[in-house]
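User: I have a model open and want to walk through a few spots in it. Start with whatever term we need for the side-chain pairs.

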Amino acid sequence: MSMENEDLSGYSMLDLFRMETREQMRVLTEGLLLLEQGAVDAARLESMMRAAHSVKGAAAIVGLEPAVRLAHAMEDVLVAAQEGRAQLDASGVDVLLGAVDLLQQLAEADGANAPRNNRIAAMAAALGALHGKGKAAPVPEVPAPAPAPAPVPPPEPSSPQAGSDELLTLAGQARLHAGQLRPWIAGLQRYKRHQRAVYEALDDLQDAIRATGDARLAELAQRVADRAAPLRDTLHRTIEGAEHYERQALTVSTRLADEVLALRMCPFAEGVHGLPRMVRDLARGLGKDVRVEIAGADTLVDRAVLARMEGPLHQLLRNAVDHGMELPAERTAAGKPAHGTIRLEARHRGGMLALVVADDGRGVDPERIRAAAVRRQVAAPAFAAELSQAELMEFLFLPGFSLKESATELSGRGVGLDVVHDTVRGLNGTVRADSTPGAGFSTVITLPLTQSIVRALVVDVAGDAYALPIARVEGVRRVPAADVRTLHGRQYVDSTDGGQLGLVAASQVLELGEAVAGTDLTLVAIGTGRERYGLVVDAVRGEQSLTVQPLEPTFGKLRDIAAAALLDDGTPVLILDVPDVLHSIARLLDDGAALRLGFAADESPARRARRVLVVDDSLTVREMQRKLLAARGYHVDVALDGLDGWNQLRGADYDLVITDIDMPRLDGIGLTERIRRDPRLARLPVMIVSYKDRPEDRARGLEAGADYYLAKGAFHDATLLDAVRDLVGGADTKRTP
């Protein structure tokens, strides 16, 4: 961390030594990794030598003699490298990195856990051997790299993070109070308009009095006008002053919130500077050569977010080195550089933070994921065969999912990625993976810039405001109610990508009551892949930046709710936990809950477009009849067989049923009989359409209560349309009971 322009008076000399050692060891580590790659120039060597020299001097001030000795030995090696007396290869870098770790341990030691003197002596001897001074000694065991030190020093003195949550809350409240001036000013403006009307009426009265020629009344009217005149200027100045104060208050409160947020932010590089070393050591242990490139090092990231993402980033990098990267000989044979590269990138995109971990290793074959999903019984073979590559990649984030094919095989790619998924979900973010077999694997994580301020879409549900984090919203649409179709008893509309978007009423999911839709529906698309739904809301207010207020711990975890906030006008709003909402939708659907929309009697799509249910087990016949009727303005739903059709009839109102006879589970005759026995459906027109024009089928159908029988092989388009018009009229004809 940079200590410039920071009040350090609250720190002890030992605290300052530890802070300086962390920074200088970072300089040394970065330089040594570049040195190993042959990318170090004279200026970099000079900065590394100065880092060792600075730590030596600081250690002498605090009386830490072992650290003085070790730092001095490192300085000698680096001076020798500058003068060309020492050539540092990979094994030499190993020794220097081991010395960095040992020096860091000495700085952080608390007496009892200090490194033993024999370790320090062995390391000093090994360093001396690197530049020809002292006896050659066996290279001491290089300890595993310690976790990256926290970027902020110990919390005994006040730190930038301390109290920032409370400050941010106060800043948000200040902005809220400033915003509440707006309705008061609007009231003054309305008063000003009324005042102007009074003055206009007073002017008219004066004109009328003058016209009478009554001097006494004219004098009295003029006196009233003179006394009223200052009120106009006074009100104008009051409004002008209030608006000026509001602008100042909003500016100050906004700047205050921005400054508090800035206290919480740090450059991305500050939180990940230990990762290249970790990757290098892990790769060396596996006989691989892997380098880390950090892009967007200066991108500002919330310290709390970065701390939460430390584990997931470690896991992604370990996974890339262990399972993604090939051995140097394999890479050379495949026409790649002998060393592998992992790109770790941070950037701001669309008001969000995007983290990318991409490697140029062997990648993952989607067909291996498909086979593993079937083998592990997490997807049925028929279902797995239909999955896209993006959907297959999501399996890698399931708990315990791995591509290993036998019990003796080491864990394959995918192990531990559920930790990544869970952490990102807890931060209201999303994670997606992509791969090109033989060319590489990448993971893209999208997160809110900070957990204190969330950019959210505010919607109305059952008369109340709710917010959905923008990172969780796939899109917003407004569709005519006539576009709603029903399949398997569930409502859906065609999605923009050519698929289907299942509809669920937000009020029903949140247990706020039944949903009644009008002529148009407002949909908020949430979820991905097969778990993607159109959440039907009353209205969309728009996007707002909300200051997150955690819920009282007394309440525990509220289903479907993540936190609370206040809107700009002071209205309280609950922030939805979108993954929890998706889980609730899946649970309700699995339990057979009908999350269907109702339609107001005077706004039903059936009032504008007659509603027809086509029941047929043949996809071709279903689609032919649906398209034929839809092209004439009818609203058409389809069912796969009689039982599916019966379930749909019980959940929605139709004007006509067109059904086949020969179908699995429940045939057309049985469906017709059920319709005629149901008091609500008894008068519903039923048309039977069959391939086989058998007299016995015609007789059975009409006996069961069908209103029309048509043989499939004997009709043309016009025949079917004429029969439908005969039974229920045109597409926009109001149904008569």
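Analyst: A polar contact is a pair of N or O atoms within 3.5 Å; within protein, one atom must be able to donate a hydrogen and the other to accept it, and residues adjacent in sequence count only if both atoms are side-chain atoms. The model is predicted, so local features need pLDDT of at least 70 and side-chain atom pairs pLDDT 80 or more, while totals for chains, interfaces and linings use all residues. Residues are numbered from 1 along each chain as its sequence is written, and side-chain values use heavy atoms, without hydrogens and water.

User: Fine. Which side chain does Glu 345 pair with in a polar contact?

Analyst: Its partner is Arg 347, with 3.0 Å between the side chains. Glu 345 sits in strand β4, residues 340-349. Helices (H or I, at least four residues) and strands (E, at least two) are DSSP runs, numbered from the N terminus.

User: Is Glu 345 buried or exposed?

Analyst: Glu 345 counts as buried because its relative accessibility is 16%. Buried means under 20% relative accessible area, exposed over 50%, and partly exposed in between, with a 1.4 Å probe and protein chains only.

User: What does Glu 345 touch, leaving out residues up to four places away in sequence?

Analyst: Phe 268, Ala 295, Ala 354, Leu 355 and Val 356. Contact here means heavy atoms within 4.5 Å.

User: Zoom out. How many helices and strands in the chain?

Analyst: There are 24 helices and 25 strands. The chain has 737 residues, of which 46% count as buried. Of the contacts between residues at least 6 apart in sequence, 68% join residues at least 24 apart.

User: Now helix packing. At what angle do α11 and α16 cross?

Analyst: Roughly 150°, with the axes of α11 (residues 303-324) and α16 (residues 417-426) coming within 9 Å. Axes are lines fitted to C-alpha atoms, for helices over the stretch in contact, and angles run from 0 to 180 degrees between N-to-C directions. The two helices are therefore roughly antiparallel. For that label, angles under 35 degrees count as roughly parallel, over 145 as roughly antiparallel, 65 to 115 as roughly perpendicular and the rest as oblique.

User: Which residues make that contact between α11 and α16?

Analyst: From α11, Arg 308, Met 309, Pro 312, Gln 315, Leu 316 and Asn 319; from α16, Leu 417, Val 420, Thr 423, Val 424 and Gly 426. By class, that is six nonpolar, four polar and one charged. Ala, Val, Leu, Ile, Met, Phe, Trp, Tyr, Cys and Pro count as nonpolar, Asp, Glu, Lys and Arg as charged, and the others, Gly among them, as polar.

User: And α20 with α24, left-handed or right-handed?

Analyst: Right-handed. A crossing has that hand if the near helix is turned clockwise from the far one by less than a right angle, and is left-handed if anticlockwise. Helices α20 (residues 619-630) and α24 (residues 717-728) pack at about 65°, with axes 11 Å apart. Gln 625, Leu 628 and Leu 629 of α20 meet Asp 717, Leu 720, Leu 721 and Val 724 of α24.

User: Which residue caps the N-terminal end of α21?

Analyst: Asp 641, with a side-chain oxygen 3.2 Å from the backbone nitrogen of Leu 643. In α21 (residues 642-651), Gly 642, Asp 644, Gly 645, Trp 646, Gln 648 and Leu 649 are buried.

User: Last one. Where is Tyr 654?

Analyst: In the loop between α21 and β23. Tyr 654 is buried, with a relative accessible area of 3%. Its side chain makes polar contacts with those of Asp 637, at 2.8 Å, and Gln 648, at 3.5 Å. Tyr 654 and Arg 611 are 43 residues apart in sequence and 5.1 Å apart in space, C-alpha to C-alpha.
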